[in-house]
Amino acid sequence: MPKAARSRATRAKRRAVTIRDVASRAGVSTATVSRALADPKRVAEATRMVVFAAIAETGFTPNAAARSLRARSTKMILALLPGIGNSFYTPILNAVEDVLSAAGYGMIMGDTRQDDAREAHYDLLVRAGQVDGVMLLTGRLPHPDFAELDATIPITLICNDIPGLDRLPVIEIANFDAARTMVEYLVGVGHRRVGHAKGPADNVEAVYRLAGYRAALADAGLPVDESIVFDGAFTFEAGVRVAKQFLAMSDRPSAIFAANDEMAMGFIKTVKDAGLAVPDDVSVAGFDDIEFARYFDPALTTMSQPRAELGRLAAESLVARMTGVGKKMPLRTRLPCALVVRDSVRAYRSAMRERQPAIGATVARL
């Protein structure tokens, strides 16, 4: 290639991608691209997807240079949630806000709803330098290269580890141990046929809880009957679906361990509506200890997560990384859960003496 041609090619390669490039690639106006970035809801879904695809293909990063030239920080962090209406996150976010406020920071909450277009929007917001740090509670990255941003914008994972991202700090619970403790408790009070309502197949927490369930049965010398391992999700609706499958069975398990409280509650409501009694006809246990668990009928036996502690430690870790001040935390912080025994579980045989849960577990009777 002639020297002049090589020079032109080099200049073209180095030229910053502009919003006009994105608009040209997507076949839309620059105003449409701006709207898609600023307020995705105002742009039709089909158009929005074309715009974000063009952004990914061109590598467009809005205002990236402006951030590098700006001396002051934004004093804001972004917390990405899979569903902002889920009450599970409230104590976590309250604790996060307490720490951030004391450090002079504010928080933007992003509801991704596990939607690709919404995740792409927040990915661009971070790349545009609109925040100083990120907390991920979604269990997945908004963009395959998102973790690379941690070199300049600290990212901390809460609750959900993401496989393959060992370099990002994570504050989590001992999901495997907690699930195993719960199933050990159910077996210890006489249940020999314990079913499991799983969480989402692509969720790391659900995977560990399923593994803990299997391990507890193996430790007790009990087989895992795959016919009573039900596909589910972290929703009330999933609990309803599992209950309908349960009701259709001729050989039902005597106990169900649900991977979260919402699923357990959906299950209980449905079987009660069908005329069964909980726990007399079937014992049900959940996971999380959301606020409503103690007020449900019957009050739910569950594993209590230290949610406020999760939020506090995650916020302290992020503030320390953003400011360079404060105690440096390890990459992996794993907190224990507590077994909370309430009214939704009863001994399968009244004559059996209730066995204590595994060493290290905490039992609270509320």
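Which residues lie nearest the centre of the largest pocket? Keep in mind that you are looking at a predicted model, then select Pro82, Tyr89, Gln114, Asn203 and Phe234: those are the ones. They belong to a lining of 25 residues, made up of eight nonpolar, ten polar and seven charged ones. The space in this pocket comes to about 540 Å³.

Next, pick Phe52, Ile55, Ala56, Asp123 and His143. You're now around the centre of the second largest pocket, which has 18 lining residues and about 320 Å³ of space. H7 is the top contributor, with seven. By class, this lining splits into ten nonpolar, three polar and five charged residues.

Now for the inside. Select Met135 and Phe267, the residues with the most contacts within the largest nonpolar core, a set of 76 residues. Stay on Phe267 and show what it touches beyond its neighbours within four places in sequence: Gly239, Val240, Val242, Ala243, Phe246, Ile256, Val282 and Val284. Apart from that core there is another, of 19 residues, including Leu125, Leu141, Phe146 and Leu149.

Last stop: Ile19, in helix H2 (residues 19–26). Is Ile19 buried or partly exposed? Its relative accessibility is 23%, so it counts as partly exposed. Beyond its neighbours within four places in sequence, Ile19 contacts Thr30, Val33, Ser34 and Phe60. Try the distance tool on Ile19 and Ser34: they sit 15 residues apart along the chain, with 8.0 Å between their C-alpha atoms.

Definitions and conventions:
Residues numbered from 1 in each chain as written. Predicted model: local features only at pLDDT ≥ 70, side-chain atom pairs only at ≥ 80, totals over all residues. Heavy atoms only, no water. Core = buried A, V, L, I, M, F, W, Y, C linked by side-chain atoms within 4.5 Å. Buried < 20%, exposed > 50% of the residue type's maximum accessible area, 1.4 Å probe, protein only. Contact = heavy atoms within 4.5 Å. Helix = DSSP H or I, 4+ residues; strand = E, 2+ residues; numbered from the N terminus. 1 Å grid on protein atoms, 1.4 Å probe; cavity = no way out; pocket = protein on both sides within 12 Å on 5 of 7 lines; lining within 4 Å. Points joined across faces, edges and corners; volume = space filled by probe spheres on them. Nonpolar A, V, L, I, M, F, W, Y, C, P; charged D, E, K, R; others polar.
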